[in-house]
Amino acid sequence: MDAGIRPYKPEDFEALYRLDQQCYAPGIAYSRRTLKWYLDLEGADCLLAERDDAIAGFIVTARDGNLGHIITLDVAEAQRRRGIGTALLAEAEARMMESGVRRMSLETATDNLPAVAFWQRHGYRTDAVLKNYYSDTLDAYEMCKMLSAKAQPRQT
Ligand SMILES: CC(C)(COP(=O)(O)OP(=O)(O)OC[C@H]1O[C@@H](n2cnc3c(N)ncnc32)[C@H](O)[C@@H]1OP(=O)(O)O)[C@@H](O)C(=O)NCCC(=O)NCCS
């Protein structure tokens, strides 16, 4: 994985918005207002992966005490299966660990098979099925993982 990871800067906003629109179907992709709302949440953290001077992916998380939540993880289609999602998640989990988070959770659409495979590969397990979670029509899996210091090598 030869992409560099760095924290989000406000000037990245439009590129993140466009990437999110490409990654998700209409109705599931965030509006500018919703994306900004998540980025501004108390406890929010956003990391970007850059490759060849372009944003290849990003992850947004939020922390509430010892609970961490993955709000979104987006990798550009042309950059997938190259370890970028894995690298973003590893760095986000490491930062969560450092700030005292012990349990991570997320929601993902039950028909998003690549994402379900990705989360399972990284130790996330289904806790519940949330009926009609997306657009009042599409079910989601709530997936969780306990963080442990040993499982979170920081990528330097
Ligand atoms: C899900 C997503 C973030 C994965 O990002 P990525 O950079 O391609 O993931 P990685 O290359 O780090 O993949 C790590 C592992 O996850 C699993 N995986 C990832 N994509 C997969 C796919 N399409 N099919 C099956 N398994 C997959 C594999 O085990 C993979 O390891 P391998 O390539 O050695 O087989 C990316 O597909 C994406 O952005 N999708 C659109 C947005 C989305 O659905 N986000 C998550 C929703 S919560």
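**Note on the ligand shell, core and sheet**

1. The shell around the ligand holds nine nonpolar, five polar and five charged residues. Here Ala, Val, Leu, Ile, Met, Phe, Trp, Tyr, Cys and Pro count as nonpolar, Asp, Glu, Lys and Arg as charged, and the others, Gly among them, as polar.

2. This is a predicted model: local features need pLDDT of at least 70, side-chain atom pairs count only at pLDDT 80 or more, and totals for chains, interfaces and linings use all residues. Residues are numbered from 1 along each chain as its sequence is written.

3. In total, 19 residues surround the ligand. The closest are Arg 80, Gly 85, Thr 86, Pro 114 and Ala 117.

4. The largest share is from α4, with five residues. Helices (H or I, at least four residues) and strands (E, at least two) are DSSP runs, numbered from the N terminus.

5. The largest nonpolar core has 31 residues. Ile 5, Leu 47, Ala 49, Phe 58, Ile 59, Ile 84 and Leu 88 touch the most other members. α3 gives the most to this core, six residues. Such a core is a set of buried Ala, Val, Leu, Ile, Met, Phe, Trp, Tyr and Cys residues joined through C-beta atoms within 7 Å.

6. Ile 59 sits in strand β3. Ile 59 counts as buried because it has 25 C-beta neighbours inside 10 Å. The cut-offs are 20 or more other C-beta atoms within 10 Å for buried, 12 or fewer for exposed, and partly exposed in between, with C-beta atoms placed from the backbone. Leaving out residues up to four places away in sequence, Ile 59 touches Leu 47, Ile 70, Leu 73, Leu 88, Leu 89 and Ala 92. Contact means C-beta atoms, placed from the backbone, within 7 Å.

7. Seven strands form an open sheet with mixed pairing, in the order β1-β2-β3-β4-β5-β7-β6. The edge strands, β1 (4-7) and β6 (125-134), each pair on one side only. Two strands pair if DSSP finds at least two bridges between them.

8. β5 and β7 run antiparallel, joined by seven bridges. Ser 105 has Cys 144 in β7 as its bridge partner. α3 packs on the sheet and touches β1, β2, β3, β4 and β5. α4 lies across β5 and β7.

Notes
A residue is near a molecule or strand if its C-beta atom, placed from the backbone, lies within 6 Å of it. Two residues are in contact if their C-beta atoms, placed from the backbone, lie within 7 Å. Axes are lines fitted to C-alpha atoms, for helices over the stretch in contact, and angles run from 0 to 180 degrees between N-to-C directions.
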